[in-house]
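This report describes one protein chain, from its overall build down to single residues. Please look at the sequence and the structure before reading on.

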Amino acid sequence: MRTVRNIHQRIIPAPSDTVGALLDRLSAPDDPLFPTPVWPAMVLDRPLGVGAAGGHGRVRYRVGAYEPGRSVRFDTTAPALGEGYHRFDVEPLGPDRCRVVHTLELAMPARPLTAWVLGIRPVHDTMIEESFDNIERAVLGSLPHPPTRRPLRARLFNRLVWARPTAVPVPPDARLLHGAFDRPDFTDAWRMPLAPGMDRDPHAWRHVLPFPVHGAADRELMLGKNASHLDFRSSVLVDDASVTLASAVRLHNTRGRLYFALARRVHPYLARRTLRRAHRRVAFTTPPAGQRNKPAPADH
């Protein structure tokens with residue numbers, strides 16, 4: 001067992017009360033700190049306060065101490081990585097200056113320690129520094145320096161652990177797709193959850209689907225192609241919580257049936273890969289939280 005202590009800090013040219021107000025919005029729907037949707041959002045089972053439980057990604061914890069506008073400590077509740085805590089602190093340095101500190105201290109067994117050194121630490125370091133970037137964006141309006149660079153190991157880890165689509169029935173709300181064919185010979189659908197800030201406009205998801213548009217609605221975009229042997233349609237359906245890629249195929253003749261007998265074996269893999277790639281692209285092009293959620297001006 002080895003104790004790992006990891007500390008990040010940054011001087012912010014803004015009053016501690018202003019920065020502390022951002023800290024109080026951790027895990028809220030308009031959380032301006034956590035660097036989502038590129039990294040998993042912090043989700044708690046109740047508003048920020050002592051006893052609130054949750055985590056981000058596979059990291060689980062409970063709020064063990066909380067001083068509004070000044071400090072919050074999260075104590076681990078699952079031993080997957082180790083036992084200990086991580087915390088944010090805002091320290092006043094004058095009327096218009098403060099220091100933000102993030103401290104992680106965990107007692108790690110050998111296996112989690114190896115995972116920490118090889119892959120998790122670069123991700124953790126990147127997430128914290130991007131959180132600090134978001135603070136500066138929120139209070140200053142822009143970054144006074146280049147944004148945090150994501151190292152190669154952090155990008156690779158991000159790709160490996162990115163959420164994967166799950167199979168679902170074709171949604172009833174996919175009205176364009178349901179109206180495309182009277183009796184489709186094949187249908188399927190795959191769904192992924194949407195993180196805060198991700199674009200809910202279905203047109204934002206068509207960049208990895210290079211097919212003609214066959215219809216558009218408020219939350220649905222249908223693409224596809226007609227051929228002599230078969231017609232197919234793919235529908236991108238976006239709601240407040242998820243994005244669904246649904247497909248329908250209509251076969252015309254023996255050639256179409258023979259072709260699709262082979263194509264349907266690889267179709268699920270291609271559909272999942274396409275949706276996951278589009279999901280990551282939309283996430284990575286989403287404006288940082290500090291730009292999406294500017295603090296309201298103070299009353300005078």
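Is H267 buried or exposed? H267 is buried, with a relative accessible area of 18%; buried means under 20% relative accessible area, exposed over 50%, and partly exposed in between, using a 1.4 Å probe and protein chains only.

## Basis of the report

The model is predicted, so local features need pLDDT of at least 70 and side-chain atom pairs count only at pLDDT 80 or more, while totals for chains, interfaces and linings use all residues. Residues are numbered from 1 along each chain as its sequence is written, and side-chain values use heavy atoms, with hydrogens and water left out.

## The chain as a whole

The chain has 6 helices and 13 strands. Helices (H or I, at least four residues) and strands (E, at least two) are DSSP runs, numbered from the N terminus. Along the principal axes, the C-alpha atoms fill a box of roughly 75 × 55 × 35 Å. The chain has 300 residues, and 45% of them count as buried.

The accessible surface of the chain is about 15,700 Å², and carbon and sulfur atoms hold 54% of this surface. Such areas come from the Shrake-Rupley method with a 1.4 Å probe; for residues, only the protein chains shown count as cover. A contact means heavy atoms within 4.5 Å. Among contacts in the chain with a separation of 6 or more, 58% are between residues 24 or more positions apart.

## The nonpolar cores

A nonpolar core is a set of buried Ala, Val, Leu, Ile, Met, Phe, Trp, Tyr and Cys residues joined through side-chain atoms within 4.5 Å. The largest such core has 29 residues, and the members that touch the most others are V19, L26, V72, F74, F88 and I135. At least two residues of this core come from each of α1 (16–23), β2 (42–44), β4 (59–67), β5 (71–76), β6 (83–94), β7 (97–108) and α2 (110–140). The most come from α2, which gives 6 residues. Another core, of 21 residues, lies apart from this one and includes M192, A204, A271 and A283.

Setting aside neighbours within four places in sequence, V19 is in contact with I12, A14, V90, C98, V100, I135 and V139.

Which residues of α1 are buried? They are S16, V19, G20, L22 and L23. Seen down the axis of α1, these buried residues fall within an arc of 150°, so they line one face of the helix. The arc is that of the directions from the helix axis to the C-beta atoms. Among the elements that cover the buried residues of α1 are β1 (2–12), β5, β6, β7 and α2.

S27 is in the loop between α1 and β2. S27 counts as buried, at 17% relative accessibility. Its phi is near 75°, a positive value in a residue other than glycine. P37 lies in the loop between α1 and β2 as well. A cis peptide bond, with omega about 5°, joins T36 and P37.

## Other single residues

H267, the residue of the opening question, is found in helix α5 (residues 254–284). Apart from neighbours within four places in sequence, H267 is in contact with F186, D188 and S247.

R206 lies in the loop between β9 (186–193) and β10 (213–216). R206 is partly exposed, with a relative accessible area of 30%. Not counting residues up to four places away in sequence, R206 touches F211, V213, L221 and L223. R206 and A278 are 72 residues apart in sequence, and their C-alpha atoms are 7.8 Å apart in space.

T114 lies in helix α2 and is partly exposed, with a relative accessible area of 43%. From T114 to R164 there are 50 residues in sequence and 25 Å in space, C-alpha to C-alpha. A78 sits in the loop between β5 and β6, where A78 is partly exposed at 28% relative accessible area. The C-alpha atoms of A78 and V236, 158 residues apart along the chain, are separated by 37 Å.
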